[in-house]
Amino acid sequence: MKQAVAAAVEGICQHFGSDRNRMMDIVIAVQERFGCVSTEAMEVIAREVNSHRVEVESVVTFYTFFSMKPRGRVIIRLCKDIVDWMKGYEAVADAVAKELGVTMGETTPDGAITLARTPCIGMSDQAPAALVNDVVVTNLNPERARQMVRHLRRHLDPHQLITMVGDGNNAHPLVRAMVRNNIRRRGPVYFNGFVPGASLQQALARSPEAVIAEIRASRLRGRGGAGFATGQKWEFARNAPGETRYVLCNADEGEPGTFKDRVLLTECADQLFEGMTIAGYALGSRIGIVYLRGEYAYLRAFLASVLEERRQQGLLGRNILNRAGFDFDIRIQMGAGAYVCGEETALISSCEGLRGDPKNRPPFPAQKGYLGCPTIVNNVETLCAVARIMEKGAEWFAAMGSERTTGTKLLSICGDCRKPGVYEVPFGVTARELLEMAEADNPGAMLIGGPCRQMIGPERFGGQICYDDLATGGAILIFNRARDRLEIAEHYLDFFIEESCGHCTPCRVGLILLKRAVHKVVNGAGEPADLDYMRRLAYTIGQTSRCGLGQAAPNPVLGALQSLHGYADMVGERKSGLLSTFDLSKAVVDAELSTGRMSQYV
Amino acid sequence: MKTIKFTIDGREVSGQPGQTILKAAETAGIYVPRLCAFKDVIPRGSCRVCSVRVNGRIQAGCVQTISDGMVVENDTAEIREFRKAIIDMLFVEGNHYCMFCEKSGLCELQALAYRFGIAAPQYPYLNPDRPVDLSHPDVYLDHNRCIQCGRCVRVSQELDNKNVFQFVHRGHRKRLQVNGEALAATSLAITDQVTAACPVGALMKKRVGYVVPVGQRPYDRKPIGLVSSPEPSAQPAAHA
């Protein structure tokens with residue numbers, strides 16, 4: 001038996017060339033095959049790829065989709081993002097747990113079904129949602145959740161849960177997902193028809209330098225949120241010394257409340273791959289990698305089929321479009337449940353088969369990225385825009401948008417509104433206009449760009465969506481007036497604590513300390529000094545953390561503390577001699593129970 | 001070779017291309033407090049104690065390379081507060097019983113606390129439940145005191161050509177793991193350089209605790225930064 005496992009693991013390693021850099025693929029395959037990556041399996045992998053068991057373990061334990069111990073044949077991962085929570089996550093979680101007879105994190109005694117929580121799975125427009133293995137279940141309520149469990153108990157086949165399929169390519173035989181696109185507003189750049197090869201023809205009619213010049217002229221900036229000029233990034237990578245260059249696509253859409261890349265991957269795969277191929281031509285690169293988040297595994301087979309079609313059409317592979325010497329191909333690298341891998345250097349680490357720890361910068365990826373070679377990492381939306389710019393020209397693109405931010409932006413709008421979904425809008429649109437489009441319900445606050453960006457109140461609803469005012473990678477969350485901002489902030493702190501890589505002290509330790517303080521105030525035990533303590537701690541974490549995750553993680557707290565009433569009314573002066581966090585009546589409960597009588601003085 | 005000129009707290013300093021702020025400062029006789037940076041092993045910028053303000057932005061001095069005209073703030077009130085906060089975080093994250101720890105005064109975390117005038121941490125203790133690995137005949141690993149600086153990980157790899165240690169899990173669950181069931185099952189030997197690399201009392205040689213009497217220990221006389229950090233030779237040899 002043991003020998004059979006060892007032989008199978010060896011086979012998996014050899015399938016990936018026993019290449020240490022393909023550790024992610026190896027571990028994913030082992031996890032899929034055996035339901036876990038046991039110590040024995042890790043030893044075999046280490047031997048096979050010339051590594052050490054503890055090194056394999058460091059990778060296996062980093063990603064939430066891997067486990068060293070067997071879990072259920074079916075894993076129900078309930079999405080506990082804030083929007084799911086607002087739409088009834090707790091009732092759904094209760095229903096599932098009761099029906100299964102287990103608590104969160106446990107497996108049923110027969111070893112069949114495991115119940116787990118997971119952060120945002122990119123379905124905030126159809127929450128509460130869940131992943132059942134790689135099957136997406138949306139719009140859950142307690143009754144649907146109970147039925148789902150009953151069905152699963154009978155057949156243990158998540159695919160049998162699919163009773164209807166969504167619109168567009170969600171109905172494609174290789175996707176067959178119950179996911180809806182919810183495209184609410186179409187614009188000129190995305191979801192607007194695309195002829196495979198047309199943009200690439202335009203690119204090949206120019207020199208690689210001229211392609212970069214065109215992208216520069218369009219003034220396209222990275223759509224992931226940071227807004228770095230795409231043409232400039234490409235130029236850096238092209239001019240960096242090195243023989244081999246890589247084009248990486250960041251499809252690790254994990255910012256809570258974002259789902260627009262999900263829809264692009266579903267409906268604009270050709271446009272995306274064409275954008276990558278154009279980048280390959282401009283950079284002189286032969287290899288592209290799409291880093292697809294593990295939560296979107298249901299799109300993997302479909303995306304692979306689009307790649308295969310493009311090879312058949314001469315749009316990928318050798319001598320593309322009969323251009324001698326222009327070789328470029330794309331592979332899909334699956335992620336395995338780690339938000340931090342959306343950070344470009346962490347994404348590179350993961351592609352290299354390492355823990356998803358961000359890297360120190362400099363050097364920047366354009367100088368030394370994947371495997372130490374010049375690399376560009378672009379967002380899905382950015383690469384789709386590249387393909388459209390090549391087709392229609394930089395001038396056409398630059399004519400849209402605001403003065404300093406050209407083009408259009410895809411937004412994922414969700415939360416307290418009637419029309420959650422994907423909206424393509426020109427840059428410069430105001431927050432208030434978005435609230436009207438989405439038919440917001442008594443809006444009190446908006447989170448522009450997800451928790452790592454900024455929370456605004458009504459006083460700033462007149463602000464514009466653009467890099468100079470309200471910058472966003474695409475997430476727009478709407479909260480009605482009844483929601484408490486500090487409570488929202490606490491929710492996001494839990495998220496960042498779970499998703500921190502733990503490399504640096506302020507993020508690893510500081511966030512736990514901040515969470516304690518926020519929890520204290522949210523629960524009515526706060527004191528005036530806590531507000532200043534939270535501000536100082538949040539500032540320290542934001543300033544001294546190594547990567548964008550830690551630097552941004554305190555933003556929801558700082559945003560909440562800046563809100564109009566500033567929480568001064570939530571904290572009270574400490575009564576003399578009493579510690580506000582100490583609840584005497586709670587502290588004596590055990591004593592009361594063991595003595596069998598109630599305390600008379602508490 | 002071209003010389004790079006920049007300033008630290010207004011003082012002009014020069015260094016070589018590719019040099020880190022930490023190394024250039026060291027050459028110029030300026031002390032930048034640090035914990036995870038160690039000798040010539042590859043710096044990893046994880047503890048953040050060496051945080052400095054570089055042209056307005058906070059960077060880790062151990063990984064940030066110097067450039068011409070760079071303005072570095074090292075010993076300012078703001079930076080001292082950041083460093084104190086980080087040192088405090090490291091104290092409350094683990095279980096540090098300084099008064100009876102076998103590291104006995106050779107501890108760089110404790111020395112930094114003294115240097116920064118920290119009598120007690122400003123944050124509440126997290127009191128984690130952590131194990132102690134006493135399996136190895138000559139060396140033990142007390143996770144209570146581990147500050148996750150990763151020196152052992154890198155020294156074992158880069159200087160000992162082994163791979164005894166790695167970090168597993170992530171975030172607040174991240175912890176040190178050894179390449180085997182326990183330390184005894186690894187290839188760790190008492191002669192490995194890694195046994196003298198730990199800045200705190202986490203990875204310790206057995207039977208050498210408390211050897212130097214109080215009052216004669218390196219940081220008893222001068223604060224860290226004014227004495228060179230204890231090299232292996234400063235640590236008493238193991239009693240055979």
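Modeller: In this predicted model, chain A has an open sheet of four strands in the order E2-E1-E3-E4, and the pairing in this sheet is mixed. The edge positions are taken by strand E2 (113–118) and strand E4 (135–137) of chain A. Each of these two has a single partner strand, so one side of each is left without a neighbour in the sheet. Direction ignored, neighbouring strands of the sheet are turned by 25° against each other on average.

One pair in the sheet can be followed down to its residues. Strand E3 (residues 130–132) of chain A runs antiparallel to E4(A), and three bridges join the two. Within this pair, A:Ala130 of chain A stands opposite A:Val137 in E4(A).

A helix also lies across the sheet strands E1 and E2. This is helix H6 (residues 89–100) of chain A, which lies across strand E1 (74–79) and E2 of chain A. The direction of H6 is at about 160° to E1(A).

The loop between E2 and E3 of chain A holds A:Pro128. The peptide bond that leads from A:Ala127 to A:Pro128 is cis, with omega near -5°.

A:Pro362 sits in the loop between helix H14 (344–351) and strand E9 (375–379) of chain A. A:Leu371 lies in the loop between H14 and E9 of chain A too. The phi of A:Leu371 is near 55°, which is a positive value in a residue other than glycine. A:Leu371 counts as exposed because 12 other C-beta atoms lie within 10 Å, and the cut-off for exposed is 12 or fewer.

B:Ser104 is not a glycine, yet its phi is positive, at about 40°. B:Ser104 is placed in the loop between helix H2 (77–93) and helix H3 (108–115) of chain B. With 19 other C-beta atoms within 10 Å, B:Ser104 is partly exposed.

Back in chain A, there is a pair of packed helices to describe. Two packed helices are described by the angle between their axes and the distance between the axes. For helix H11 (residues 260–267) of chain A and helix H15 (residues 380–392) of chain A, the angle is about 45° and the axes are 9 Å apart. That angle makes H11(A) oblique to H15(A). From H11(A), the residues in the contact are A:Lys260, A:Asp261, A:Leu264 and A:Leu265. They meet A:Val380, A:Glu381 and A:Cys384 in H15(A). By class, the contact of H11(A) with H15(A) has four nonpolar, no polar and three charged residues.

On the scale of whole domains, the assignment divides chain A into domain 1 (2–60), domain 2 (74–163), domain 3 (184–398), domain 4 (408–483) and domain 5 (486–570). The centres of domain 3 and domain 5 of chain A, taken over C-alpha atoms, are separated by 34 Å. Eight residues of domain 3 are in contact with eight residues of domain 5 of chain A. On the domain 3 side of this contact, the classes are five nonpolar, one polar and two charged residues.

Conventions. Residues are numbered from 1 along each chain as its sequence is written. Chains are lettered from A and ligands numbered from 1 in the order in which they are written. This is a predicted model: local features need pLDDT of at least 70, side-chain atom pairs count only at pLDDT 80 or more; totals for chains, interfaces and linings use all residues. Axes are lines fitted to C-alpha atoms, for helices over the stretch in contact, and angles run from 0 to 180 degrees between N-to-C directions. Angles under 35 degrees count as roughly parallel, over 145 as roughly antiparallel, 65 to 115 as roughly perpendicular and the rest as oblique. Two residues are in contact if their C-beta atoms, placed from the backbone, lie within 7 Å. Ala, Val, Leu, Ile, Met, Phe, Trp, Tyr, Cys and Pro count as nonpolar, Asp, Glu, Lys and Arg as charged, and the others, Gly among them, as polar. Domain bounds come from an automatic or database domain assignment. Two strands pair if DSSP finds at least two bridges between them. A residue is buried if 20 or more other C-beta atoms lie within 10 Å of its own, exposed if 12 or fewer, and partly exposed in between; C-beta atoms are placed from the backbone.
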